[in-house]
Amino acid sequence: MMMEMNFFHRSQEVIAREAIKHALKALRKRHLLEEGAHAPAFIAISRPIASQGSEWKQKAENLELELQQCYKAQSRLSEQLVVEVAESRASKASLQEKEEGITNLQTELTQTRDECSQLQADLEEKIKALELLVSENHQLKAELEEMTNKAKNAEAENKMLVDRWMLQKMKDAERLNEANAIYEEMVDRLKASGLEKLAQQQVDGVVRRNEDGAEFFMESTIPSICKHRINAHEGGCASILFEYNSGKLVSGGQDRTIKMWDTNTGSLSHTLYGCLGSVLDLTITHDNRSVIAASSSNNLYVWDVNSGRVRHTLTGHTDKVCAVDVSKVSSRHVLSAAYDRTIKVWDLNKGYCINTIICHSNCNALSFSMDGQTICSGHVDGNLRLWDIQTGKLLSEVAAHSLAVTSISLSRNGNVVLTSGRDNLHNLFDMRSLEVCGTLRASGNRVASNWSRSCISPDDNYVAAGSADGSISIWSISKADIVSTLREHTSPVLCCSWSGLGKPLASADRNGIICTWT
């Protein structure tokens, strides 16, 4: 292509030169012809003919004028020739630029072809990789279908096993009810023979002891009369409990105070200050020297009862602390649960946390076992869980309720744990096997909140639980039936506590009213 363009350029230049030469020859030839034509005239003029002088003069002027016009035409042709030469040179420069542009385009075309070849190779490689992925995907789909079928089969087998397990549990519950009936018959016989106390020791085991000596024990009575109605806390009272071996009642409420009451007179004997949030739960050491409160301020507060001062502020939870309990073996270790999905173990002698257990679900209530080695916890997912306090490992769990667990209470001998839930059921579990020993319910009894606390009587014969309608239901554990319904509160009852002396029973409601029952 370059050679063709060079040849074309040269041929144009030759043609232009030939045209210029031809034009010059034509002008010379015309000039010669004109001179030949004018020659006779000049000869005639040179003759002294007077008559033709003016005529020849006129012809000479005309010929001179024509000669000037020829010169002008020659000048115009020369200028035109110069212009055409300049245009030829410009065309030549433009042609060179276009040739360079064509060269650059050919180079870019070559590079583009190379890139296209590389992209085509990459595309083929990607297509191969995609085909491999598609084949792997099909294989994984086949495996997934196989696993899904296995899972469905396992689920069906699991459902069948659960049904069989529930049937077995029902049979066990029936046998347990029969054993309870036999036990009641034996107790009646022993009462008649004057050996009731000995029988109670044989059934319950060795009487627990604390730092101050043997724990007092008295048979509980079924309460029926409201002895005192106390306006205790502004905004509501969420937790109450009795001192050990005493009739003094400790209460905590929304007004951020802890109050201690004489249940014989219904009078306020002491008030503890220093809590920076609402009191959600309370516990007391077995020597009655320290009161511990769980607070909505994410902290726990430990008071010295004698001085009324805060002994410790236990910090570490990142959300409200809703449950607390102290070891039944010593007054050193404390448990707490908060809505940060943790259970913490505290050493009161050191004043800080010594272990943290992370839970799958928030814990609403907890309790130490009698030996202080196991933690019982009730959770929002409805499960009752047992934890090893040393290692923090989950020992066992059971689906205690279909809704959140709100309360946990141990029997006096520690063999039975009472749980209450938002499904309005109160279940009794054997601590050793986590099997259901009994279920208590009432048509009008409705659990009022996630932290509604129920309780077991000191002789393990009765259960008391408050309701959202302001009533309190009393069940006989052996009969699994209501023996009394107490009505005095005008707002939902949040917690109940039974004195270790057998009476009175105390209850507190959302308006901050505390009632004592005998």
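Select V279 and S295: V279 has S295 as its bridge partner in strand β9. The model is predicted, so local features need pLDDT of at least 70 and side-chain atom pairs count only at pLDDT 80 or more, while totals for chains, interfaces and linings use all residues. Residues are numbered from 1 along each chain as its sequence is written, and side-chain values use heavy atoms, with hydrogens and water left out.

**Stop 1**

Now select residues 279-284, which are strand β8. Strands (E, at least two residues) and helices (H or I, at least four) are DSSP runs, numbered from the N terminus. Is β8 buried or exposed? Six of its six residues are buried, so β8 is largely enclosed by the rest of the structure. Buried means under 20% relative accessible area, exposed means over 50%, and partly exposed is in between (1.4 Å probe, protein chains only).

Two strands pair if DSSP finds at least two bridges between them. Strands of a sheet pair through backbone hydrogen bonds, either parallel or antiparallel. Along this pair, T283 stands opposite I292 in β9. The two strands form a hairpin with five residues between them, and N288 in the turn has a positive phi of about 60 degrees.

Select D287 and R289 next: they form a salt bridge, with the closest N and O atoms 4.0 Å apart. A salt bridge is a side-chain nitrogen of Lys or Arg within 4 Å of a carboxyl oxygen of Asp or Glu. D287 is buried, at a relative accessible area of 19%.

Go back to β9 and show its side chains. S290, I292 and A294 point one way, V291, A293 and S295 point the other way, and all are buried.

The bridge partner of A293 in β10 is Y301. β9 and β10 form a hairpin with four residues between them, and in the turn N298 has a positive phi of about 75 degrees.

**Stop 2: T406**

Select T406, which is found in strand β20 (residues 405-410). T406 is buried, with a relative accessible area of 0%. What does T406 touch? Leaving aside residues up to four places away in sequence, its contacts include N364, S420, R422, V447, W451 and R453. Contact means heavy atoms within 4.5 Å. Then show the backbone oxygen of S452, which lies 3.1 Å from a polar atom of the T406 side chain.

**Stop 3: an open sheet**

Select strands β24, β25, β26 and β27, which form an open sheet in that order with antiparallel pairing. β24 (455-456) and β27 (481-487) stand at the edges, each with a single partner strand, so one side of each is left without a neighbour in the sheet. β24 pairs with strand β25 (residues 462-466) in the antiparallel sense over two bridges. To see one of them, select C455 and its bridge partner in β25, A464.

**Stop 4: helix α2**

Select residues 53-192, helix α2, where V134 lies. V134 is partly exposed, with a relative accessible area of 38%. Together with L130 and L133, V134 forms a nonpolar patch on the surface, with about 280 Å² of accessible area. Such a patch is made of residues with over 30% relative accessible area and no salt bridge; nonpolar side chains (Val, Leu, Ile, Met, Phe, Trp, Tyr) are joined within 5 Å, like charges within 9 Å. Accessible areas come from the Shrake-Rupley method with a 1.4 Å probe, and for residues only the protein chains shown count as cover.

In the helix, select K150 and E146, which lie four residues apart, about one turn. K150 forms a salt bridge with E146, and the closest N and O atoms are 3.8 Å apart. K150 is partly exposed at 47% relative accessible area, and E146 is partly exposed at 44%.

**Stop 5: a salt-bridge network**

Select D381, R385 and E397, which are linked in a network of salt bridges. Between R385 and D381, the closest N and O atoms are 2.8 Å apart. R385 is buried, at a relative accessible area of 4%, whereas D381 is partly exposed at 34%.

**Last stop: the whole chain**

Select everything. The protein chain has three helices and 30 strands, and buried residues make up 41% of its 518 residues. The structure holds ten salt bridges.

Notes:
A polar contact is a pair of N or O atoms within 3.5 Å; within protein, one must be able to donate a hydrogen and the other to accept it, and residues adjacent in sequence count only if both atoms are side-chain atoms.
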